[in-house]
Every structure is written in structure tokens, then in C-alpha cells.
Amino acid sequence: MVNTLENIQTLTREAIALLKNLIETPSFSKEEDNTAQLIIDFFGRKNIPFHTKKNNIWAYNLHFDEAKPTVLLNSHHDTVKPNKSWTLDPFKAIVEENKLYGLGSNDAGGCLVSLIATFCHFYEREDLTYNIAIATTAEEEISGKEGLEIVVPELPEIAFAIVGEPTEMHLAVAEKGLLVLDCTAKGKSGHAAREEGENAIYKALADIKWITEYRFPKVSPTLGPVKMSVTIINAGTQHNVVPDACTFTIDVRVTDQYTLEEVIEEIQNNIQSEVSARSIRLRPSSIPMDHAIVKKGLKLGRIAYGSPTTSDQALLDCPSLKMGPGHSARSHSADEFIYLHEIEEGIAQYITMLEGVVTKS
């Protein structure tokens with residue numbers, strides 16, 4: 001199939017129609033049943049076989065070949081809840097001045113429907129050197145465990161992935177991972193009026209001082225340094241009792257220069273408090289600058305950068321590129337919108353980049 005203007009326009013019309021339906025169907029994380037059904041119905045009308053698990057749907061190109069590597073296209077159909085500053089109906093798809101308003105229009109509905117359109121473009125192609133899989137997944141907004149994480153084991157080995165998030169179609173070639181560490185400084189209780197006990201707050205303060213001042217030596221060329229922030233602290237029961245415990249929480253944004261385990265070990269080796277990680281699921285991710293898909297994007301004049309925010313990229317154990325239509329600053333904002341031309345341009349760029357990588361041409 002030739003990448004003609006007419007084909008792109010047809011794909012865009014279908015994508016926008018689907019996005020309007022998605023906007024008008026509430027799909028908060030863990031409540032995505034109805035938007036999942038919309039996507040199932042879409043594939044059904046296209047006569048594209050699909051698989052489901054919970055509220056996740058995935059499909060493969062018509063001429064899937066186990067001997068070929070597979071590229072994954074992924075984005076999510078859950079949304080956050082609308083904040084109180086909305087002036088429009090968040091569940092009504094409103095088009096004004098080339099803007100499509102509605103909850104999830106920018107994050108990540110525009111990306112999702114653009115990737116679905118891209119998948120449809122390649123679906124029947126017989127000249128592919130890669131298989132193409134599309135996964136439309138749930139629970140991304142809450143880093144849930146019943147989204148992409150339960151789909152990945154069902155997929156063939158993934159050679160590389162494109163994760164749809166609003167980046168203005170620039171190339172997020174790396175993404176920070178996230179560690180949330182709960183720490184406990186232990187002391188000994190006593191009466192505050194006398195020289196009794198060991199104040200756990202003072203022990204915690206010494207550890208927090210180290211966290212504030214320490215710099216991990218390896219700095220990522222795209223993501224910069226590892227960033228640690230103490231965000232919660234709790235201690236004490238009443239004013240005249242020296243506290244025997246002080247708990248605090250560290251938010252750690254980990255770059256592609258370290259594994260999560262290495263960061264935990266470094267912190268534990270340098271502070272007195274006990275350290276417990278809530279999870280080691282959300283790992284840093286990246287794709288080499290000389291990867292074919294990145295080089296194609298650079299040739300189109302797109303900018304490569306490192307993303308400080310997390311996405312479902314963190315759940316993929318393969319090279320992955322975060323890229324999609326829309327602007328990150330609009331995500332989770334009141335009166336969220338995406339420009340209609342961004343969807344058309346996104347579909348065209350996805351197809352152009354993949355044409356140079358997954359076909360024989």
C-alpha cells in the first residue's frame with residue numbers, strides 16, 4: 001500500500017471518529033471496560049483478529065511470521081479523573097478551531113488512535129521484514145498491574161517498541177525510572193525534659209542531609225543525573241516524648257545509567273535508616289541513538305531528548321521509543337485538547353518512520 005495523501009486522510013478520519021467515541025466513554029483506570037469494547041468493535045469492523053485480557057486488547061499483522069522480529073506499538077485507553085477546573089464537559093467531544101476537546105484527547109487518546117491507524121496501514125502488507133503488534137492497554141495512569149504488564153508475557157519477543165505518549169512527535173529516546181523508598185530511622189523513646197532516649201528524628205535528619213547532598217557519579221547524556229527527593233516525613237506521638245522512630249519517603253528518578261537495584265544498594269550503604277522499596281517495576285528505559293527507528297526520526301527533523309516522566313515504557317524489557325502527537329503540558333489539564341492536524345501529522349510520521357525500518361523497500 002502506497003503512503004498516499006488520500007490513504008492518510010482516510011486513516012485520519014477513522015482515527016478521529018474513534019477518538020471522539022473514546023472521549024465520550026468514561027474510562028478511568030480500572031474502569032476501562034467500555035472503551036475496551038469500543039476498540040474491540042473497531043477491530044471487528046476491520047475484520048482484524050484480536051486477543052483480550054482484562055481490559056487490554058492486542059492484535060498482530062495479517063501475515064505474522066514467527067521467524068521475523070516483532071515491533072510493538074502501544075498506548076493506553078484509561079484516563080485520569082477530570083480536575084475541578086474544567087469549564088467544558090470532559091465527556092463530550094467538542095471540535096472548535098481545529099481543536100478536539102475532551103478528557104483523554106491528548107493523553108493519550110490522540111496517540112492511541114494514531115498508532116491504531118498506523119497498525120491498520122501495515123496490517124495486510126506482505127513486504128514486512130518485521131511483524132507488527134498493537135497493544136491498547138489499561139491502567140497506565142496509575143501504573144497498575146493489570147495493564148501492559150499482563151500483556152507482555154503473552155507477546156512474542158519484542159525487538160523494539162514505540163510507546164504512544166504526547167511528545168509533539170519528537171523522540172523521547174530515554175525515560176527515567178521511578179523508585180519509591182520507605183525509610184525508617186530507629187531511636188529510643190524517653191522524656192523530652194530529661195537527657196533520655198535517642199531521637200529518631202535527628203538520625204533521620206542526618207540521613208536526609210546525605211540524600212540532599214549526594215550526587216550519583218554517572219550522569220546520563222539524555223536524562224541527566226539521578227534525582228532524589230524526600231517527599232514525606234512522619235515522627236512522634238506527643239510533644240514531651242522523644243520519638244523512637246521516624247519514617248520518611250524518598251522519590252528517586254533513576255536514569256538509564258543505573259539499575260534500580262544498584263540505586264537501592266548505594267542508598268542503603270550510606271544511610272543508617274532501614275530502606276524498603278515499594279516496587280522495582282518502573283525501570284528506566286532507552287533506545288540507542290543509532291537505532292534505525294531513531295535515525296529515521298532524526299532525518300525528519302525531530303528532536304531526540306530524555307523524558308523525566310514515567311510511562312508504560314518502564315514495563316518493557318526492550319529498546320523503546322516514546323513518541324506521539326499532542327503536547328505533554330496539556331496532559332491532565334482542564335479543558336484538555338488535541339489539534340486535529342496533530343493526529344494526521346502523527347499518523348503520517350509514524351508510517352514514514354516505520355516504512356524505512358519494517359519493510360523491504
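**Charges, then the whole chain**

Before I go on, two bits of housekeeping. This is a predicted model, where local features need pLDDT of at least 70 and side-chain atom pairs count only at pLDDT 80 or more, while totals for chains, interfaces and linings use all residues. Residues are numbered from 1 along each chain as its sequence is written, and side-chain values use heavy atoms, with hydrogens and water left out.

Now the overall picture. Along its principal axes, the C-alpha trace spans about 85 × 45 × 35 Å. The secondary structure comes to eight helices and 18 strands; these are DSSP runs numbered from the N terminus, with helices being H or I of at least four residues and strands being E of at least two. Of the 361 residues, 52% count as buried. Buried here is under 20% relative accessible area, exposed is over 50%, and partly exposed is in between, using a 1.4 Å probe and protein chains only. The accessible surface is about 16500 Å², and 50% of that belongs to carbon and sulfur atoms; that's Shrake-Rupley with a 1.4 Å probe, and for residues only the protein chains shown count as cover.

What share of the contacts with a separation of 6 or more comes from residues 24 or more positions apart? It's 80%, with contact meaning heavy atoms within 4.5 Å.

Let's go inside. The largest nonpolar core has 55 residues, and those with the most contacts inside it are Phe43, Phe119, Ile162, Ile293 and Val358. Helix α3, residues 105-122, gives the most to this core, with ten residues. Apart from this core lies another one, of 24 residues, including Ala204, Met228, Leu260 and Val263. For the record, a nonpolar core is a set of buried Ala, Val, Leu, Ile, Met, Phe, Trp, Tyr and Cys residues joined through side-chain atoms within 4.5 Å.

Back to Ile293 for a moment. Setting aside neighbours within four places in sequence, Ile293 is in contact with Phe160, Ile162, Ile287, Leu321, Met353, Leu354 and Val357. Lys296 lies in helix α7, residues 292-299, and counts as partly exposed at 25% relative accessibility. Not counting residues up to four places away, Lys296 touches Thr352, Met353, Gly356 and Val357.

Next, Val252, in strand β13, residues 245-254. Buried or exposed? Val252 is buried, at 0% relative accessibility. Beyond four places in sequence, the contacts of Val252 include Leu181, Val226, Met228, Val263 and Ile267. Val275, in strand β14, residues 274-277, is buried too, at 18%. Among the residues Val275 touches, again beyond four places, are Leu181, Cys183 and Ile267.

On to cysteines. A search of the whole structure finds zero disulfides, a disulfide being a pair of cysteine sulfur atoms within 2.5 Å. For Cys120, the nearest cysteine sulfur is that of Cys111, 16 Å away; Cys120 is buried, at 14%. For Cys318, the nearest is again that of Cys111, 18 Å away, and Cys318 is buried at 12%.

Last topic: the backbone. Most residues other than glycine have a negative phi, and most peptide bonds are trans. Asn47 has a positive phi of about 60°; Asn47 sits in the loop between α2 (33-45) and β1 (51-53), and is exposed at 65%. Met169 has a positive phi as well, near 65°. You'll find Met169 in the loop between β7 (158-163) and β8 (171-175), where Met169 is buried, at 4%.

That's my tour; happy to go back to any of it.
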